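Please work through each task before reading its solution.

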Amino acid sequence: MNASTVDTRAPKIVDPETKKTRSVSNFLQAKLQQSLAFATLVVLLIFFSFANTAFFTWSNISGILLSTAVIGILALGTTFVIITGGIDLSIGTGMTLAAVMTGIFLVNMDLPLIVGVLGGIATGGLMGFISGFNIAVLKLPPFIATLAMMLIAQGLALVISGVRPIYFTSVPDFKQIALGTAIPGLPNAVLILFGLAFIAYLVLSKTILGRYTFALGSNEEATRLSGVDTRRWKIMVYTFSGLFTGIAGVVIASRLDSAQPQLGSGYELQAIAAVIIGGTSLLGGRGSILGTLIGALIMSVLINGLRIMSIQTEWQNVVVGAVILVAVFSDSLRRRKAIF
Amino acid sequence: MKSRTRVAVIAVAAAAALFLGGCASGSNTAAPAAGNSKELYIALISKGFQHQFWQAVKKGAEQRAAKLGVKVTFEGPASETEVDAQLQMLQAAIDKKPDAIGFAALDPKACIPLLDAAKAAKIPVVEFDAGCDSTVPLSIAKTDSKAAGALAADNMARLIGGKGEVGIVGHSQINSTGVERRDGFVNQIKAKYPDIKIVDIQYGDGDHLKSADIAKAMIAAHPNLKGLYGTNEGSAIGIVNAVGELGLAKGKVTVVGFDSGQAQMDAITSGVMAGAITQNPIGIGEQTVQAAYDAIKGKTPEKIIDTGFFWYDAKNMTEANIAAVLYK
């Protein structure tokens with residue numbers, strides 16, 4: 001009867017005392033993980049700077065930041081999904097479908113730039129909405145629902161593009177979205193990444209969507225019993241994350257000045273890895289945007305540094321894999337300590 | 001009960017479709033060959049279908065098939081690492097009992113038992129692009145990738161004046177085209193150009209974005225780098241993007257690519273890329289279907305059909321013989 005009034009308020013999932021102690025320890029854990037990740041980043045930067053003088057030059061640093069943009073944007077969005085205890089495997093090929101749709105809107109349909117870009121972003125949002133609906137209402141496991149969406153997006157990207165890249169040569173301004181330099185020497189894609197990180201931070205920490213994101217991941221049943229329409233909020237989280245997928249699609253298309261329909265598969269795993277390295281728990285309920293940003297930077301600094309040092313491609317993969325293992329292991333170790 | 005009726009309806013519908021389909025294809029070829037009422041069917045199993053290269057092979061195959069009045073199907077896995085998926089497609093093709101199979105091997109060993117199975121089922125097999133280590137296939141239509149890599153090296157050497165540092169952005173260290181295009185280039189440089197040093201070889205899986213980041217790292221690590229060689233379309237465009245993003249002056253780094261496609265042709269026209277090697281994918285498709293057709297008719301096709309490769313740059317791009325093998 002008064003469910004609608006409760007609905008707009010934060011859920012009371014635990015009694016005030018335990019809530020307080022838990023949030024304090026959560027806060028400390030998050031800070032610890034973040035500072036460890038940050039320390040790792042600094043150590044990597046120092047190490048590579050000494051290993052090769054070509055590393056710490058503005059041109060290379062700006063290159064690293066640019067190479068973080070696409071994976072970073074995907075990682076920001078999917079941080080929300082992972083905090084709810086879910087997973088979204090469709091963000092890699094979904095990004096590609098968004099890029100292809102942007103191409104269709106701008107090149108084939110010749111729509112104005114802003115309409116095409118918003119259309120691309122909306123494509124991502126729509127895919128997120130459908131995944132969210134399948135998970136929240138049809139009760140499909142997130143892994144399966146988004147695996148299916150991953151395949152659907154991959155197939156549609158190929159079908160819609162006619163298995164051909166779409167070039168944006170007829171839209172000269174489009175390239176400026178990622179590669180223009182509003183700040184000299186720094187590509188716009190980097191500004192987009194940091195701007196989105198700030199927005200994601202505000203949404204996660206200051207809005208009701210952020211609060212329910214954590215609540216869904218901590219204890220979904222309790223959240224539901226406290227009168228929250230968990231289905232609706234879950235759909236919202238996946239849709240919100242989908243918008244980031246759409247933006248990543250626009251950015252990658254702009255950087256390549258083309259929509260490449262065969263790309264994208266495997267990008268989701270890199271984005272998820274960045275989120276995990278940044279200290280967000282795959283079990284849900286815990287995570288931060290700053291951590292994700294640092295996690296994405298660790299990945300790209302590591303890969304760039306190994307490339308500058310001419311380490312074989314095969315070994316680069318081994319090193320990145322090892323870093324993920326260490327990050328997750330140290331995280332689980334600390335969590336065990338925190339419980340006992 | 002209800003579901004059982006539905007199954008029955010579907011089964012009847014499927015049978016009707018098969019029957020009608022059989023009639024339709026029968027009527028297509030019934031006229032010329034009196035005794036042979038069935039349209040010849042050649043199943044092509046490719047290494048992929050998403051790259052423009054494979055689309056051009058498919059186009060060539062379909063053109064020749066239309067000319068010969070045979071039916072072809074063209075399929076391949078989503079990525080060139082999916083050896084297992086490709087073998088399943090080959091198995092399914094054998095089960096369909098086509099009149100001939102055209103096959104491009106992703107892995108030269110894993111395909112051996114299936115080609116033996118095709119032989120046992122009396123289906124002639126021809127190959128294209130990349131071969132299987134088997135005696136079953138009657139012929140292969142392909143590019144001599146090592147010689148093509150060597151031609152890329154000769155042109156790179158000419159363009160940078162015979163000395164300096166060069167790097168390679170490869171697309172695969174496993175599949176045969178990636179390995180041979182790299183080795184052909186490396187061996188030619190070692191043998192003929194002692195003053196050129198290959199400072200780095202890295203692999204971007206043909207992913208445009210990854211290849212661009214690799215090329216940028218190479219340029220940063222080797223300030224004196226004079227040339228970069230990309231071994232397929234994605235690698236080459238990655239290098240072009242890297243040069244553009246770094247804002248390097250034209251000609252600071254000489255870019256040599258491989259294959260065609262709209263983006264590479266544009267880069268060559270604008271001068272960011274010096275030139276590239278193109279294969280003849282349409283020719284590969286045509287020759288594969290022709291060889292399969294000959295095999296069905298009892299003729300022995302040539303064992304190795306070299307479909308050729310060409311260096312193209314801004315000067316010769318519009319010449320008729322080059323324009324014919326370029327594809328967008």
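**Exercise 1.** Across which strands of chain B does helix α2 (residues 52-68) of chain B lie, and at about what angle does the helix run to β2(B)?

Solution. The model is predicted: local features need pLDDT of at least 70, side-chain atom pairs count only at pLDDT 80 or more, and totals for chains, interfaces and linings use all residues. Residues are numbered from 1 along each chain as its sequence is written, while chains are lettered from A and ligands numbered from 1 in the order in which they are written.
Step 1. Helices (H or I, at least four residues) and strands (E, at least two) are DSSP runs, numbered from the N terminus.
Step 2. Helix α2(B) lies across β1 and β2 of chain B; contact requires C-beta atoms, placed from the backbone, within 7 Å.
Step 3. The angle to β2(B) is about 170°, taken on a scale from 0 to 180 degrees between N-to-C directions, with axes fitted to C-alpha atoms, for helices over the stretch in contact.
Step 4. Helix α3 (residues 83-95) of chain B lies across β1, β2 and β3 of chain B and runs at about 170° to β1(B).

**Exercise 2.** State the strand order of the open sheet of six strands in chain B, and identify its edges.

Solution. Step 1. The order is β2-β1-β3-β4-β5-β11 (chain B), with parallel pairing; two strands pair if DSSP finds at least two bridges between them.
Step 1. β2 (71-75) and β11 (304-306) of chain B each have a single partner strand, so one side of each lacks a neighbour in the sheet.
Step 2. From one strand to the next, the twist averages 20°.
Step 3. Within chain B, β1 (residues 41-45) and β3 (residues 100-103) are joined by four bridges, and Leu44(B) stands opposite Gly102(B) in β3(B).

**Exercise 3.** Describe how helix α7 (residues 208-221) and helix α8 (residues 233-246) of chain B pack.

Solution. Step 1. Their axes are 7 Å apart and meet at an angle of about 55°.
Step 1. α7(B) and α8(B) are therefore oblique to each other; angles under 35 degrees count as roughly parallel, over 145 as roughly antiparallel, 65 to 115 as roughly perpendicular and the rest as oblique.
Step 2. Residues of α7(B), including Ile214(B) and Ile219(B), meet residues of α8(B), among them Ile237(B) and Leu246(B).

**Exercise 4.** How many residues does each chain give to the contact between chain A and chain B?

Solution. Step 1. Chain A gives 25 residues and chain B gives 23 residues.
Step 1. On the side of chain A that touches chain B, α3(A) gives the most, with five residues.

Key: Contact = placed C-beta atoms within 7 Å.
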